Amino acid sequence: MPCPEKKGRCGIYDKMQTEYVVMTEDSIDKDAILRAGRILKEGGLVAFPTETVYGLGGDALNPSSSEKIYAAKGRPSDNPLIVHVCDADAIPPIIGGELSGCAGEWRKLADAFWPGPLTMIFPKSTKVPYATTGGLDTVAIRFPSNKIAAALIGAAGGYVAAPSANRSGRPSPTSAKYCREDLDGRVDMIIDGGPVGIGLESTIIDLTGDEPIILRPGYVTRDMLREVLGRVEVDRAIISDDSSVKPKAPGMKYRHYAPKGDLTVVNWRGPLTVQYIRKKLEEAALSGRRTGVICTDETAGEYRADLVRSAGARGDYEENARRLFDILRSFDDEGIEVIWSESFSEEGLGEALMNRLKKAAGQKVVEPTL
Ligand code: TXA
Ligand code: MG
């Protein structure tokens, strides 16, 4: 199927026909995977499931495929793409020269976490076009564990560039229906492999310096990384409240995940937080605004709002993480104008969860007061 013609620098497309195929990891439709692989080899785009979120795939070694990805997502082209592989032996050809600093330790990380939700950053070889790395001399690489993803990458020749399969700025898609919402008519094929297992994007670790640095928190937590490497730092921009600190992962500087409604995170202080949010809801309702709440199973019955969404039981980070992006999208469907969210602990996987929630709120976090 031919890819759409680019009409201008920001990539306005003629609408194209998107093919939908459905499969599960246990029963992979091999014909559809071969077709999808051919589309990628010919420079087209395919959205596909991974264990973290759905990806929007193109041939990572073909600069025009990467340009099409940026255009289909509406993403700034200085925001580099992750190259997905289906075999750790695919790494050496795309990383550059002598590995200095901590990059030599990548095999330890690969043994511990691949296939899985960890992305590593290396100096790039000339095989990887600058169109894929957003002009950087480094390349981000991940070996996903989802079997549909692995089959597709193999069928496509081994190197698939894939950002999350959402339109730029929206929450990453955790099921194929959200890929359809954002990308119908903009990609050649969408592979529906059911809802994802993790729900937050991969952890990104930079191995290009002397010390390993986490650029984006994810399912692989800093304690898990420290256990394998003995040490790990976290990019200051992630932990600092100072928004002038520039993140090392270019994508982390952009506004992300935000619902159209005005979202505020309220620090969790037990009943005080519940009372504070209830008071805010009453005030907003009096002024005629449509209200929403993000809470937990324990508190969901306490709130009267146009949309109350529980992220699961407090402390069940895996469930909270799995539900977050779906919850953020649901407020837009209901035309919610103002939203309050309880905060979650930042321990373990909670660090990634709160990183995404705070980003969605434009870092607006308040202390509850009465
Ligand atoms: O779980 C995931 O990682 C998903 C699935 C589809 O694999 N992908 C994903 O891609 O989240 P994306 O493009 O939405 O986010 C990639 C992030 C961006 O913040 C980007 O700036 C950063 O990775 N990144 C990519 N290459 C980089 C590089 N060479 N140096 C620093 N940051 C990089
Ligand atoms: Mg993304």
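I started with Asp188, which sits in the loop between H6 and strand S8 (189-192). The model is a predicted one, and I kept that in mind for each entry below.

**Asp188**

I looked up the accessibility of Asp188 and found a relative accessible area of 0%, so Asp188 counts as buried. I then searched for a charge partner. Asp188 has no salt bridge, and the nearest side chain of opposite charge, Lys68, is 6.4 Å away. What does the side chain of Asp188 reach? I found the backbone nitrogen of Leu45, at 2.8 Å. I also noted a pairing along the chain: the C-alpha atoms of Asp188 and Val46 are separated by 5.9 Å, although the two residues are 142 apart along the chain.

**Helix H2**

Lys68 took me to H2, where Lys68 is one of the buried residues. I counted 8 of the 11 residues of H2 (residues 63-73) as buried, so the helix is largely enclosed by the rest of the structure. The buried set is Ser65, Ser66, Lys68, Ile69, Tyr70, Ala71, Ala72 and Lys73. I checked what covers these residues, and the cover includes strand S3 (55-59), H4, strand S7 (160-161) and H6.

I looked at both ends of H2. After H2 comes Gly74, and I noted a positive phi for Gly74, near 70 degrees.

**Lys124**

Lys124 lies in the loop between strand S5 (118-123) and helix H4 (130-133). Is Lys124 buried or exposed? I found Lys124 buried and without a salt bridge; Asp137, the nearest side chain of opposite charge, is 5.5 Å away. A polar atom of the Lys124 side chain lies 2.7 Å from the backbone oxygen of Val128. I listed the contacts of Lys124, leaving aside neighbours within four places in sequence; among them are Ile94, Ile95, Gly96, Tyr130, Thr133 and Leu136. Asp137 is also one of these contacts.

**Domain 1 against domain 2**

I took the domain assignment next, which gives domain 1 (6-234) and domain 2 (262-366). Their centres, taken over C-alpha atoms, are 29 Å apart. I found 24 residues of domain 1 in contact with 16 residues of domain 2. The area buried between the two domains is about 1700 Å², and carbon and sulfur atoms give 52% of that. On the domain 1 side, Pro171, Leu200 and Pro217 lose the most area to domain 2, together 34% of what that side buries.

I then looked for polar and charged pairs across this interface. The rule finds 10 residue pairs in polar contact, both residues at pLDDT 80 or more. Helix H6 (residues 176-183) gives the most to the side of domain 1 that touches domain 2, with 3 residues. The rule also finds 5 salt bridges across the interface. I recorded a salt bridge between the side chains of Glu201 and Arg356, at 2.7 Å from N to O. I also noted a network of salt bridges that links Arg170, Glu181, Asp182, Arg329 and Asp332.

**Other salt bridges**

How many salt bridges does the rule count? I got 24. One of them joins Glu302 and Arg278, at 3.5 Å from N to O. This pair links distant parts of the chain, 24 residues apart, with Glu302 in the loop between strand S13 (291-295) and strand S14 (307-310) and Arg278 in helix H9 (residues 271-286). Glu302 is partly exposed at 37% relative accessible area, and Arg278 is partly exposed at 37%.

Glu334 forms a salt bridge with Arg290, the closest N and O atoms being 4.0 Å apart. I placed Glu334 in the loop between helix H10 (317-333) and strand S15 (338-342) and Arg290 in the loop between H9 and S13, so the pair ties together parts 44 residues apart in sequence. Glu334 is partly exposed at 39%, as is Arg290 at 33%.

My last entry is a pair within one helix. Arg322 and Glu319 both lie in helix H10, 3 residues apart, about one turn of the helix. Their closest N and O atoms are 2.8 Å apart, in a salt bridge. Arg322 is partly exposed, with a relative accessible area of 32%.

Technical notes
Residues numbered from 1 in each chain as written. Chains lettered and ligands numbered in written order. Heavy atoms only, no water. Helix = DSSP H or I, 4+ residues; strand = E, 2+ residues; numbered from the N terminus. Buried < 20%, exposed > 50% of the residue type's maximum accessible area, 1.4 Å probe, protein only. Lys, Arg positive; Asp, Glu negative; His and termini not counted. Polar contact = N/O pair within 3.5 Å; in protein donor to acceptor, adjacent residues only side chain to side chain. Contact = heavy atoms within 4.5 Å. Domains from an automatic or database assignment. Buried area = accessible area lost by both parts, 1.4 Å probe.
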